[in-house]
Amino acid sequence: MKDFTIKRCQKCLLPENEPQNIRLDNNLICNICRQEAQEVRMDWAELEAIFENTLAKHRGKGAYDGVIMMSGGKDSAYLAYLLKRKYKLNLLGVINDIHYEYQETFDNAQKICAALEIPLQKNTLPKKMMQDFFNFLFTDQELRDKGHGHICLYCGRLMIRVAGEYAKAKGIPLVFSGHNPQQVFGMGESFEVDENRKIRQQMIIDLVNTAVTKSHVRLRLRNKNHLLPFFPKELFPAGVSGLFMYQHFAYKPLEMMATIKKELGWQPINKFSKTYIASGCRLAKLWMHLAGLNNTSNYVDLELSEQVRNGVLSKDMVKKFYEEAFDATTEIEGLLAELNITGGVAAIK
Ligand SMILES: [Zn+2]
């Protein structure tokens, strides 16, 4: 989405592109914008009631009320702030170490948890297994899509699953995560009332199930059975439930950032652009680049366009994010070496 000269949606900034079936009409409005304008969402009061009922059901049942997945970014920081200050929950912070994060991720998470008096534990995943996991995902020609969104799909599920396993081992009933509304919908975990949205949600659930089954087939074919547990069929282990905060409350990233800066001394991790609205692990640099080579939108592009579409971020802010994006060439070369990938980016796009 970096190149702002090509044809793009006047409402959400998504460029027209074939792999993802994004088409613009004569008024330069994309098919996603047209479709979402006609859909109804569950009202906030109802969503908030679901959230509070779930809390009431589990509060006080374990050594902690819940595990909170920390990432150092704005979404988990604000989530921690709200759960602690507004809901007075007894929380255990957990941050997964996949070996491809920026150090600032851990520093930020530590700072936020300290400010809120939440104990934070690092859940370090086996290094060689993670290298194999990402090597497999980046190199498998059958699993990948042109936007390389499959990396986040599989890794995102693994992150939630291991947080759930962590909670289960400690007898903690709930896992809280700061996934944004687009991410929650993309996992098929949102609450829906609109018939069209229910159909789209079922399509997503079917796609995810197919993707997991396919990953198992590919792992067996490529003699990588040791990675099978990293591709779970269920998002949560039995006895643990997840609560995705940002589908129960309006998602307002700019206001959230202002609050956590003021209240917790939170600072953005500016690794992608001088303008902070999104962050991620080091691998995001690689899949963003690969999506660019394939002339299609990546996962961050799709999320930001969704936030523009919903009036959550301004077009100018998103434009600035891309205009001020950092060059990632040397970082990408280093990552390829770390992941044992030979032949350069051309070999895996
Ligand atoms: Zn659009």
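Modeller: A residue is buried if 20 or more other C-beta atoms lie within 10 Å of its own, exposed if 12 or fewer, and partly exposed in between, with the C-beta atoms placed from the backbone. The model is predicted: local features need pLDDT of at least 70, side-chain atom pairs count only at pLDDT 80 or more, and totals for chains, interfaces and linings use all residues. Residue numbers start from 1 along each chain as its sequence is written.

Colleague: Is Ala 167 buried or exposed?

Modeller: Ala 167 is found in helix 6; helices (H or I, at least four residues) and strands (E, at least two) are DSSP runs, numbered from the N terminus. Around Ala 167 there are 28 other C-beta atoms within 10 Å, so the residue is buried.

Colleague: Which residues does Ala 167 touch, not counting those up to four places away in sequence?

Modeller: Two residues are in contact if their C-beta atoms lie within 7 Å. Val 40 is 127 residues from Ala 167 in sequence and 35 Å away in space, C-alpha to C-alpha. The residues that Ala 167 touches, beyond four places in sequence, are Val 67, Ile 172, Val 175 and Val 240.

Colleague: How many C-beta neighbours does Pro 173 have inside 10 Å?

Modeller: Pro 173 lies in the loop between helix 6 and strand 4. Pro 173 counts as buried because its C-beta neighbours inside 10 Å number 20.

Colleague: Which residues is Pro 173 in contact with, leaving aside its neighbours within four places in sequence?

Modeller: Gly 60 is 113 residues from Pro 173 in sequence, with 9.5 Å between the two in space, C-alpha to C-alpha. Beyond four places in sequence, the contacts of Pro 173 are His 58, Lys 61, Gly 62, Val 240 and Ser 241.

Colleague: Are helix 3 and helix 4 roughly parallel or roughly perpendicular to each other?

Modeller: Helix 3 covers residues 74-86 and helix 4 covers residues 103-116; they pack with axes 10 Å apart, at an angle of about 15°. Axes are lines fitted to C-alpha atoms, for helices over the stretch in contact, and angles run from 0 to 180 degrees between N-to-C directions. Angles under 35 degrees count as roughly parallel, over 145 as roughly antiparallel, 65 to 115 as roughly perpendicular and the rest as oblique. Helix 3 and helix 4 are therefore roughly parallel.

Colleague: How many charged residues are in the contact of helix 3 with helix 4?

Modeller: Helix 3 brings Ala 77, Ala 80, Tyr 81 and Lys 84 to the contact, and helix 4 brings Ile 112, Cys 113 and Leu 116. Ala, Val, Leu, Ile, Met, Phe, Trp, Tyr, Cys and Pro count as nonpolar, Asp, Glu, Lys and Arg as charged, and the others, Gly among them, as polar. The contact of helix 3 with helix 4 has six nonpolar residues, no polar residues and, as for charged residues, one.

Colleague: What is the reach of helix 3 from its first C-alpha to its last?

Modeller: The expected span of a helix is 1.5 Å times one less than its number of residues. Helix 3 has 13 residues, for which 18 Å is expected, and its reach is close to that, at 17 Å.

Colleague: What covers the buried residues of helix 3?

Modeller: The buried residues of helix 3 are Lys 74, Asp 75, Ser 76, Ala 77, Tyr 78, Leu 79, Ala 80, Tyr 81 and Leu 83. Their cover includes strand 1 (66-69), strand 2 (91-97), helix 4, strand 4 (174-177) and helix 9 (253-264).

Colleague: Is Lys 88 buried or exposed?

Modeller: Lys 88 follows helix 3 and is found in the loop between helix 3 and strand 2. Its phi is near 50°, a positive value in a residue other than glycine. With 9 other C-beta atoms within 10 Å, Lys 88 is exposed.

Colleague: Which helices are included in what covers the buried residues of helix 5?

Modeller: Helix 5 (residues 127-139) has 13 residues and should span 18 Å; its end C-alpha atoms are 18 Å apart, which agrees. Its buried residues are Met 130, Phe 133, Phe 134, Phe 136, Leu 137 and Phe 138. What covers them includes helix 6 (149-169) and helix 10 (283-293).

Colleague: Which residues of helix 13 make the contact with helix 10?

Modeller: The axes of helix 10 and helix 13 (residues 329-338) come within 9 Å and cross at roughly 105°. The two helices are therefore roughly perpendicular to each other. Helix 10 contributes Leu 283, Lys 285, Leu 286 and His 289 to the contact, while helix 13 contributes Glu 331, Ile 332 and Leu 335.
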